[in-house]
Amino acid sequence: MVAPVTKRAARTPRRAPRPLGWPPDADRVETIFERLSAVMPEPKTELTFTDPYTLTVAVALSAQATDVAVNKATARLFAVADTPEKMLALGEEGLIPFIASIGLYRNKAKNVIALSRLVLERHGGEFPLNRADLQALPGVGRKTASVVLNELGIEPAIAVDTHVFRVAHRLGLANAATPDKVEAQLHQVVPRPWLPKAHHWLILHGRYVCLARKPRCEACVIRDLCPSRGDLVA
C-alpha cells in the first residue's frame with residue numbers, strides 16, 4: 001500500500017542544485033555552443049528596431065518588461081518618434097502614453113528624453129557607438145550598452161540578464177554571485193569564435209528551454225552536457 005502524501009511532505013522544496021566546479025571542461029563548453037549554434041544559427045534580438053538609436057531606446061524600455069510588450073509599445077512610438085529630435089519634440093508627457101503599458105514607464109520616459117537630448121547636445125545628433133559614451137547616456141547601464149554593442153556587431157559583449165545568469169550557472173559556465181562577475185567568467189570560458197553570438201544563444205535558451213521554474217529538459221539539445229540536469233528533473 002502506498003503511503004499517503006502528508007501536507008508536510010508536499011511542501012518539501014526541491015533540493016538545491018549542487019555547487020559546480022569552475023572553470024568548466026573546455027571540450028564540454030565547445031560542444032555546448034556547437035549544438036546551440038546548430039539549432040540557432042543566426043540568433044538575433046527579438047526587439048524591433050531600425051537603427052542604433054531605436055535599438056538603444058527599445059533595450060532601455062525592456063528592463064523588467066518582456067520584448068513582446070516593448071515591441072507593442074514601440075510599434076506605435078517609433079511611427080511618430082524614431083529620432084532624438086522627434087523624441088524631444090514629443091516630450092516626456094507625450095511619450096508616457098505610448099509606454100504606459102510597460103513597467104517603470106515614468107522613469108523610463110524621463111531617461112529616454114534625457115538620453116535623446118544628450119545625443120543632440122553632446123554628440124551633434126550622431127548616435128555614439130562606443131561603450132564609454134553609451135554608458136554615459138541616461139538609463140543606459142553596462143547591460144544595455146552590451147546588448148547594443150553586441151547586436152550591432154561592434155563588440156562581442158555578453159549582457160548578463162536573469163536568463164543568462166541562470167543558464168550560465170546551470171551549465172557550470174559560471175559560478176559567481178553577481179552579473180558583472182558572471183560576465184567576466186563567461187568571457188574567460190566561451191571560445192572566441194562563439195563569443196559574438198554567445199549572449200543570444202544563452203538568453204534565448206533560457207527564455208524558451210531552460211525556464212526558471214519548469215525547465216524543458218526533454219526538449220534541450222544540451223541536456224546530456226548539463227551538470228544540473230539531475231537536480232532540475234528530480
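In this predicted model, Phe-33, Leu-36 and Ser-37 of helix H2 meet Ala-198, Trp-201, Leu-202 and His-205 of helix H11, contact meaning heavy atoms within 4.5 Å. Helices are DSSP runs (H or I, at least four residues) numbered from the N terminus. The residues of this contact comprise 5 nonpolar, 2 polar and no charged; Ala, Val, Leu, Ile, Met, Phe, Trp, Tyr, Cys and Pro count as nonpolar, Asp, Glu, Lys and Arg as charged, and the others, Gly among them, as polar. The axes of H2 (residues 26–39) and H11, as lines fitted to C-alpha atoms over the stretch in contact, come within 10 Å and cross at roughly 75 degrees. H2 and H11 are therefore roughly perpendicular, a class that covers 65 to 115 degrees.

Residues are numbered from 1 along each chain as its sequence is written. Local features need pLDDT of at least 70, side-chain atom pairs count only at pLDDT 80 or more, totals for chains, interfaces and linings use all residues, and side-chain values use heavy atoms, without hydrogens and water.

H11 (195–208) also supplies at least two residues to the lining of the largest pocket, as do H3 (52–61), H6 (105–123), H8 (142–151) and H9 (162–170). A pocket is an open set of points on a 1 Å grid where a 1.4 Å probe fits, with protein on both sides within 12 Å along at least five of seven lines; lining residues have an atom within 4 Å of a point. Of the 36 lining residues, Val-59, Ser-62, Ala-63, Lys-143 and Asp-161 lie nearest the centre of the largest pocket. By class, this lining has 15 nonpolar, 13 polar and 8 charged residues.

Notes
Axes fitted to C-alpha atoms, helices over the stretch in contact; angles between N-to-C directions. Parallel < 35°, antiparallel > 145°, perpendicular 65-115°, else oblique.
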